[in-house]
Amino acid sequence: MLRDALAITVRNRQRMVRVKLRSLQSFAARALNECLRLPARRSAVLKELSEVSVVLVSDRRMADLHRRFLNKAGPTDVITFQHGEIVISAETARRQARAFRTSLEHELCLYIAHGLLHLRGFDDQTSAGTAEMKRLQEKLVASLL
């Protein structure tokens with residue numbers, strides 16, 4: 001029996017930063033397909049999911065999630081949940097884009113790629129893992145954006 005294709009949706013649940021939702025949705029679909037081609041890690045859940053949901057939120061909402069689920073204060077850029085939800089702070093992305101002199105779209109795409117890599121089983125808990133994820137997400141964005 002053939003499995004239905006894995007769906008990915010991008011939703012904007014914040015009002016602080018104007019985003020190009022259609023462009024992000026297109027990038028997310030292409031990045032998902034590329035991530036599914038990567039060798040899965042032991043903790044990969046991506047192929048078992050029926051849907052991946054990318055949700056753009058405010059710093060305030062992200063700080064709440066960061067505290068509640070990771071016991072850390074303040075907002076962060078992206079949190080990935082193993083049930084298939086990737087939560088991204090649009091305000092943090094805007095600040096990081098200015099700091100790194102990139103575009104908001106580039107930064108948001110990096111975070112989408114980062115979340116998808118986590119769902120594929122990649123981890124950034126070690127310096128080697130962080131370096132590998134950074135290289136892979138930069139490669140994905142460069143080839144798909």
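Which residues in α3 meet which residues in α4? In this predicted model, the α3 side of the meeting is made up of Ala90, Thr92, Ala93, Arg94, Gln96, Ala97 and Phe100. Their partners in α4 are Leu104, Glu107, Leu108 and Tyr111. Sorted by class, the contact of α3 with α4 comes out at seven nonpolar, two polar and two charged residues.

As for how the pair is arranged, α3 covers residues 90–100 and α4 covers residues 104–119. Their axes come within 8 Å and cross at roughly 120 degrees. Angles from 65 to 115 degrees count as roughly perpendicular and those over 145 as roughly antiparallel, so α3 and α4 are oblique to each other. The crossing of these two helices is right-handed.

Stepping back to the whole chain, the protein has five helices and four strands. Read from the N terminus, these elements follow the order β-α-β-α-β-β-α-α-α. The radius of gyration works out at 14 Å, close to the 15 Å that the globule rule gives for 145 residues, so the protein is as compact as a globular protein of that length. Taken along the principal axes, a box of roughly 45 × 30 × 25 Å is filled by the C-alpha atoms.

What about the inside of the fold? Of the 145 residues in the protein, 45% are buried. Among contacts with a separation of 6 or more, 65% come from residues 24 or more positions apart.

Key
Residues are numbered from 1 along each chain as its sequence is written. This is a predicted model: local features need pLDDT of at least 70, side-chain atom pairs count only at pLDDT 80 or more; totals for chains, interfaces and linings use all residues. Side-chain values use heavy atoms; hydrogens and water are left out. Axes are lines fitted to C-alpha atoms, for helices over the stretch in contact, and angles run from 0 to 180 degrees between N-to-C directions. Angles under 35 degrees count as roughly parallel, over 145 as roughly antiparallel, 65 to 115 as roughly perpendicular and the rest as oblique. A crossing is left-handed if the near helix is turned anticlockwise from the far one by less than a right angle, and right-handed if clockwise. Contact means heavy atoms within 4.5 Å. Ala, Val, Leu, Ile, Met, Phe, Trp, Tyr, Cys and Pro count as nonpolar, Asp, Glu, Lys and Arg as charged, and the others, Gly among them, as polar. The radius of gyration is taken over C-alpha atoms; the globule rule is 2.2 Å times the number of residues to the power 0.38. Buried means under 20% relative accessible area, exposed over 50%, partly exposed in between (1.4 Å probe, protein chains only).
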